[in-house]
Amino acid sequence: MLRDSPRRRALTADEYVAGTMASNIAVLARTLTLIESSSPRHQSLAEEVLTRLLPHSGQSVRVGITGVPGVGKSTFIEALGLLLVGRGLRVAVLAVDPSSGISGGSILGDKTRMSRLAAETAAYIRPSPTAGTLGGVARKTREAMLVCEAAGYQVVLIETVGVGQSETVVAGMTDCFLALMLPGTGDELQGIKRGLLELVDVITVNKADGVLQSAAELAAQQYREALQSLTGREHNPCAVLTCSGLYKQGIDAVWAAVEKRHAGLTNSGGLLERRRSQNLGWLWSLVADQLQQAVHTHPSVQKIQGDLETAVLAGTTPATAAARRILEAFAVPSDS
């Protein structure tokens with residue numbers, strides 16, 4: 001007969017903070033789980049722990065990495081992580097996976113995809129479900145980044161699924177935004193979104209090896225030419241390089257480009273301003289998230305939600321009128 005496993009003892013705020021700052025991996029994992037929890041009963045403790053860790057965060061290089069499926073993000077991140085660990089740096093990877101529509105959990109196993117990096121004691125990989133958040137970035141990724149910084153990680157790599165508006169979300173929480181591209185010309189270059197070109201700090205054409213080497217070099221040159229045609233980037237140039245994550249070629253040059261970008265921002269005072277601006281954006285993003293949740297769970301809204309949605313779907317009520325009625329219902333005190 002199988003016995004139920006004993007429940008873990010609940011940690012105090014002091015234990016969460018002390019364990020995280022001591023880089024205790026078990027406590028760090030529990031702190032991240034606490035921060036990511038959507039349970040109202042965890043909210044107060046999570047806020048206290050995050051508030052106390054906040055003064056010890058902010059010392060890392062924050063790098064966002066995006067790219068279409070199949071571009072080799074995991075292979076590249078592992079190669080980059082191993083390079084940095086080899087240089088004596090501690091690296092945290094917040095790998096944002098597509099969520100399961102049933103359980104809400106991660107479908108892909110990041111530690112399986114980056115097994116060599118996961119085995120390094122100076123590296124920490126945290127797979128997170130997207131949980132349906134706009135842009136494919138986990139709702140708590142920002143807080144997780146701060147916790148990892150407080151735990152002493154000097155580089156935080158944030159991988160996104162690279163779908164929809166995730167590029168904007170990731171660029172809004174990092175110091176340097178890196179886009180991985182596939183070798184190709186013509187249609188592939190035409191298909192890149194102008195908005196992405198305006199956001200990225202480093203473009204790296206991956207899989208530049210073997211028969212794809214020349215195609216990668218040509219694609220890199222075309223990206224350089226495309227960037228030159230963009231107005232507003234004269235004082236914020238984007239580095240364009242090639243690499244092979246599989247064969248670990250050119251990875252050091254990519255990191256050098258990231259370091260140059262970070263050093264330039266630091267020396268000019270732009271890094272502080274960038275992060276201050278990001279914090280304000282983060283504030284209002286959280287307000288919008290919590291307000292939307294409050295609207296959806298309000299009793300008066302729930303009473304009319306189904307009928308209004310049906311009417312909008314049927315085309316008998318304009319969405320603007322339905323939205324007004326929902327907001328009017330939300331304004332009614334929930335105990336009335």
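**Overall make-up**

I counted the secondary structure of this predicted model first, and the protein comes to 15 helices and seven strands, where helices (H or I, at least four residues) and strands (E, at least two) are DSSP runs numbered from the N terminus. I noted that residues are numbered from 1 along each chain as its sequence is written. Because the model is predicted, local features need pLDDT of at least 70 and side-chain atom pairs count only at pLDDT 80 or more, while totals for chains, interfaces and linings use all residues; side-chain values use heavy atoms, with hydrogens and water left out.

I then looked up burial, and found that buried residues make up 43% of the 336 residues in the protein; buried means under 20% relative accessible area, exposed over 50%, and partly exposed in between, with a 1.4 Å probe and protein chains only. For contacts, meaning heavy atoms within 4.5 Å, I noted that residues 24 or more positions apart account for 74% of those with a separation of 6 or more.

**Helix α1 and what covers it**

In helix α1, residues 13-21, I found Ala-13, Tyr-16, Val-17, Gly-19 and Thr-20 to be buried. The cover over these buried residues includes α2, α3 and α7 (141-150). Just after α1, I noted that Ser-23 takes a positive phi of about 60°.

Leaving aside its neighbours within four places in sequence, I saw Glu-143 in contact with Ile-35, Leu-50, Trp-282 and Leu-286.

**The second largest pocket**

I looked up the second largest pocket next, and about 390 Å³ of space lies in it. Of the 13 residues that line this pocket, the closest to its centre are Arg-8, Ala-10, Tyr-16, Arg-30 and His-42. I kept the working rule beside this entry: on a 1 Å grid over the protein atoms alone, a pocket is an open set of points where a 1.4 Å probe fits, with protein on both sides within 12 Å along at least five of seven lines, and lining residues have an atom within 4 Å of a point. The volume is the space filled by probe spheres set on the points, which are joined across faces, edges and corners.

Helices α2 (25-36) and α3 (40-53) each supply at least two residues of the lining. By class, I recorded five nonpolar, three polar and five charged residues in the lining, with Ala, Val, Leu, Ile, Met, Phe, Trp, Tyr, Cys and Pro counted as nonpolar, Asp, Glu, Lys and Arg as charged, and the others, Gly among them, as polar.

Leaving aside neighbours within four places in sequence, the contacts of Ile-203 include Ala-179, Met-181, Tyr-223 and Val-240.

Thr-160 sits in the loop between β4 (155-159) and α8 (166-171), and I found Thr-160 buried too, with a relative accessible area of 0%. I also noted that the C-alpha atoms of Thr-160 and Lys-73, 87 residues apart along the chain, are separated by 9.0 Å.

**Two helix pairs**

How do α12 and α13 pack? Helix α12 (residues 251-268) and helix α13 (residues 270-297) pack at an angle of about 95°, with their axes 5 Å apart; axes are lines fitted to C-alpha atoms, for helices over the stretch in contact, and angles run from 0 to 180 degrees between N-to-C directions. The two helices are therefore roughly perpendicular to each other, on a scale where angles under 35 degrees count as roughly parallel, over 145 as roughly antiparallel, 65 to 115 as roughly perpendicular and the rest as oblique. I listed Arg-261, His-262, Leu-265, Thr-266 and Ser-268 in α12 as meeting Gly-270, Leu-271, Arg-274 and Arg-275 in α13.

For the next pair, I found that α13 and helix α14 (residues 299-314) pack at an angle of about 70°, with their axes 5 Å apart, which makes α13 roughly perpendicular to α14. The contact is made by Val-295, His-296 and Thr-297 of α13 with Pro-299, Val-301, Gln-302 and Gln-305 of α14. These residues divide into three nonpolar, four polar and no charged.
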